[in-house]
Structure formats: structure tokens, C-alpha cells
Amino acid sequence: EMTSVTGVQTCALPICAIKNLEKIADSYTIDPKNTDNLVRTAKTTLGSKIINKCHDQMAQIAVDAVLAVADLEKKDVNFELIKVEAKVGGAMEDSMLVKGVIVDKDFSHPQMPKELKNVKCAILTCPFEPPKPKTKHKLDVTNVEDYKKLREYEKECFETMVKQVKDAGATLAICQWGFDDEANHLLLQNELPAVRWVGGPEIELIAIATGGRIVPRFQELSADKLGTAGLVRELNFGTTKEKMLVIEECANSKAVTIFLSGGTKMIIEEAKRSMHDALCVVRNLVRDNRVVYGGGAAEISCALAVGKEADNIKTIEQYAFRAFADALESVPLALAENCGLDPINTLTDIKARQVAENNPALGVNCMELGTCDMKEQSVIETLHSKKSQIQLATQLVKMILKIDDIRTPSNM
């Protein structure tokens, strides 16, 4: 049988804990020049993930990516500008942050230069090929002269196209469609590097990053429609022969790409998820720069605060407050148990020390690092996420308590 405590102000329980969280929270300064605080917080998130062998590197990548696109005045981060690319092959240590766009293509001809500086790129959505008759008619070539004429005509078309691109001042052609070998050869002779088969979303990203316009017809190409980039280079990575193009130092430097590599598809998927978590944590810090300490320290501090509040309550409600305080203690208990420590002794010891030393950063010393101070161990959580955890858990329990009866498939 379930006895309900009538009139308990269930909202008062989390409010009491949250007020305590705000009281014990530390503020971090968000300074793009000194990102030490942010990196330490991101490292806490990545500690339990599979990518923790590149712990420092991944945390630094996440922080740099968020700060590159963050609007620190409005305290906002647009995740649309952070693209995460992942490739199987190569070590996880090869992961990096590119201040620009990565395209999963290479230059169309193997003899084209592998690195271009101060690039003006023409972004084309028209095919590099001679106009074909649009009707179903076949073109029969009966003698050698006609064939030569046709070849001359095709060559002329290609030359005009290449000339139009060169005249506009472009030093790189990025094409959404393909072009045949003859056009490729002509482009090489004219020293105009080109990329073909670039997908729609990537073309748009390149246009945003380089500040160029997408040109649908050769006739419309002009100098003001070209995009600019400081560096375009071809990347080889890992043990695979695959190549990628990196477009860096763009006019609009807000677009960044995180490039992850790993041994298997599963590891890469996990790395993507972990990176997303780290990005979210750094974003939370940009939005609200207050932090609390992990390792059960914040929960113990809140449990003590809620317990103290219970002592001031004369009515039956004090039992609800005490139960809430006990529930908060289950987090450090579970932590201690998972580390093979004696849960109850560890918890009572830390509680006593928190009260005696008035230090809300004392938590479960899981790593046996000789100190229980989570500030020294750099186990940091954002205040925003800790508040959400307590509020959401309370709301969930309130929802469950409203349900009178649960039907399971077995008794249908």
C-alpha cells in the first residue's frame, strides 16, 4: 500500500537543492586566449568515453570548434556551422580541427598541384562538356573529315569554357558535375586545377565559407562571383589511399569542420557521439559560465542542504525532505561501490568532512589520487546540466506518482 504525504510542496524539494547548487557554484571566465578552464570541463565529459586515449586532444578540438563559431556577446553557439566529418582508416590521434571546409574529393587530375595558395575559386553547377543535341536523333559520322570537324568543335567548346573560367580570374574550378577526360587534360594544360562531383550540401558550405556565388552558366561567370580561400590542400590519411580536399583560411572563418578518424566504423560512430557531448558541454559553459564539482560532491552538498532545511520544518513535510536528501546520496554511493570502495563508510566520511571543512568540492576519490577535492582532480560539471538533472528526475518521479495502475503485457 502506498501512503501519500498530502500537501507536500514537491516543487520546494528541487528548489532547495538548486538554490544550494547556485550558492556553491564557481564562475569561469570564457576567454578565447586562455581556454584552460573549458578544456578541463570537456575532459571530464570525455573521461568515460572510448576516445579517452586522446583525451587532451579531443577536449581541445571541441573547445576550439565552439569558440570559433561562438557569439560571445549574445552567449550563443550555432551548431550548424560545426560540421563533423568521420573516416575509417588511420589512428584516432589523426583527428583534427579544420578552420574551413573538408570535401571528400580530390583534384580531378593526378598531376595537378597538391597545394594552392590565395585561391580564387569558381563554384560551377554546369557540366564541363560540349552541348549535345537534345533530341533523340543520332549523329552519324560517315567519314574522317566529319569526325575531325566534330572533334575540333568539341575542343573549341572546351577551350571556350576553360577560357571563360580563366578570364574571370579563377585559380580553381569546383564543379558539381563531371567532365570527360579531354576537358580534364585541357584544364591541366591550362594550369587550372579542378574538382569534380562535389555534392550539393558541400557546394553550399564551400560557397558560405569562401563567400562565393554558385554559378549555373559559364556565360554568367564574373570576377565578383568568385570565392576566396587562403589555402586549398589535398590530404592523405591513414593507411588508405583515399584523399580529401581541405579549404582553409576562408573569407568567412565561422565555418569549421571537425575531422575524426579511427580504426573501425563502430569506434568512429562512438567518437562522433562523444564529440557531440563535449561540444554541448562547452556550449553550456558559453551560455552560463558557472560550474559545480563532480564525483558526487555537488549531490552530497545538496543532500546536506536539504537535510538542514528539513530540520527547520515542523510539519510532516520534513520526512519528504529527508527522503529527497537520501535519494541524492545514492549518486556518491553508487560511485563508491563502482570503484570498489566501502560505500557507506566512504559517504559518511565525505559528508563529515564537507561539514567540518565547509568545502562543497569534496567528492568520492574514485581514481585513488590521494585527494577527495574534485577541484584539484579537475572533475567539473556545468551548473546548467546539474540543475537539469535534479529537475528532470523530480519531474519524472512526480509523473510516476500520478499513475494509479500500470498494465503490463502479462496481465492483459
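Tutor: Two strands pair if DSSP finds at least two bridges between them. Strands are DSSP runs (E, at least two residues) and helices are runs too (H or I, at least four), numbered from the N terminus. The model is predicted, so local features need pLDDT of at least 70 and side-chain atom pairs count only at pLDDT 80 or more, while totals for chains, interfaces and linings use all residues. Residues are numbered from 1 along each chain as its sequence is written, and side-chain values use heavy atoms, with hydrogens and water left out.

Student: What makes E4 and E13 a pair, and in which sheet do they lie?

Tutor: Strand E13 (residues 256-262) is joined to E4 by 7 bridges, whereas the criterion asks for at least two; the two are therefore paired, and they run parallel. Lys87 stands opposite Ser261 in E13. The open sheet has 3 strands in the order E4-E13-E5, with mixed pairing.

Student: Why are E4 and E5 called edge strands?

Tutor: Strand E4 (82-88) and strand E5 (96-98) each pair on one side only.

Student: How do you know that Gly212 is buried?

Tutor: Buried means under 20% relative accessible area, exposed over 50%, and partly exposed in between (1.4 Å probe, protein chains only). Gly212 has a relative accessible area of 12%, so the residue counts as buried. Gly212 lies in the loop between helix H6 (200-210) and strand E10 (214-215). Not counting residues up to four places away in sequence, Gly212 touches Ile123, Ala207, Lys225, Leu226 and Gly227, where contact means heavy atoms within 4.5 Å.

Student: What makes Arg283 a charge over the ring of Phe79?

Tutor: The rule requires NZ of Lys or CZ of Arg within 6 Å of the ring centre and within 35 degrees of the ring normal. Arg283 lies over the face of Phe79, at 4.7 Å from the ring centre; the distance therefore falls within the 6 Å limit.
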